[in-house]
Amino acid sequence: MTTGVRLIRSPELAQTVEYAYAAVADVPVRAIWAAGACPLDADGATVAVGDVAGQTHQVMRNLVTALAGAGAELTDVVKTTVYVASSRQADLVEAWQVYREYMGAHDVPSTLLGVAALGYTDQLVEVEAVALITAER
C-alpha cells in the first residue's frame, strides 16, 4: 500500500543513521498530530515501572491505537520525537531499539531526546508523532 509519504535521504549527509533526513507528502493531505503516547494501560496506570524497553512497547502500542482512531497507521507517520527520562545514553538506545522494531523500514525523520522528567508518575518514555494521509490513499 502506498501512503504518499516519501522519505528523503541526502547523499551529502551521513548514511549510517537509522532515519530519513526529511519526509515529503504531496498535497492534498489530511494531517494528524498525535499527542505524546505514554506508557499507560487502559486504566491510566503507568506500566513496566523502571523498564525502558517495557514502557516503549506500551508507548508504541498506544501510538498505533491513537493513529488508528484518526484513520492512520505507522506508515503514515512523517515525523516523531522520542523522549526518554534519563541522562544515560544506554537508556535512549534501548528505547530507540524498541521504537525501531515498530517502525520497521519506515524510518521517518525523528528526534531522540533525554529529558529530566515526563508527566506521569514513574514515566520513562513518550513518543509524539505527526502523520499525513494523502489523497492517493
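The model is a predicted one, in which local features need pLDDT of at least 70 and side-chain atom pairs count only at pLDDT 80 or more, whereas totals for chains, interfaces and linings use all residues. Residues are numbered from 1 along each chain as its sequence is written, and side-chain values use heavy atoms, with hydrogens and water left out.

The overall fold can be read first. The chain has 2 helices and 6 strands, where helices (H or I, at least four residues) and strands (E, at least two) are DSSP runs numbered from the N terminus. Along the sequence these elements follow the pattern β-β-β-α-β-α-β-β. The C-alpha atoms fill a box of roughly 40 × 35 × 20 Å, taken along the principal axes. For 137 residues a compact globule would have a radius of gyration near 14 Å, and the 15 Å of this chain agrees with that; the radius is taken over C-alpha atoms, and the globule rule is 2.2 Å times the number of residues to the power 0.38.

Among the contacts (heavy atoms within 4.5 Å) with a separation of 6 or more, 74% are accounted for by residues 24 or more positions apart. Of the 137 residues, 44% count as buried, a word that means under 20% relative accessible area, with exposed meaning over 50% and partly exposed in between (1.4 Å probe, protein chains only). The chain exposes about 7,100 Å², of which carbon and sulfur atoms supply 54%; such areas come from the Shrake-Rupley method with a 1.4 Å probe, and for residues only the protein chains shown count as cover.

From the charged side chains, a search of the whole structure finds 2 salt bridges, each being a side-chain nitrogen of Lys or Arg within 4 Å of a carboxyl oxygen of Asp or Glu. In one of them the side chains of Asp-107 and Arg-9 meet at 2.2 Å, N to O. This pair links distant parts of the chain, 98 residues apart, with Asp-107 in the loop between α2 (89-103) and β5 (110-114) and Arg-9 in the loop between β1 (5-8) and β2 (22-25). Asp-107 counts as buried because its relative accessibility is 11%, whereas Arg-9, with a relative accessible area of 41%, is partly exposed. A salt bridge also joins the side chains of Arg-88 and Asp-91, at 3.2 Å from N to O, and Asp-91 is buried at 13% relative accessibility.

Most residues other than glycine have a negative phi. Ala-48, in the loop between β3 (29-37) and α1, has a positive phi near 50 degrees, and with 30% relative accessibility Ala-48 is partly exposed. Asp-122, in the loop between β5 and β6 (125-134), likewise has a positive phi, near 70 degrees, and counts as partly exposed at 43% relative accessibility.

One more loop residue is Thr-75, found between α1 (52-69) and β4 (77-84) and partly exposed with a relative accessible area of 33%. Thr-75 and Met-60 stand 15 residues apart in sequence and 13 Å apart in space, C-alpha to C-alpha.
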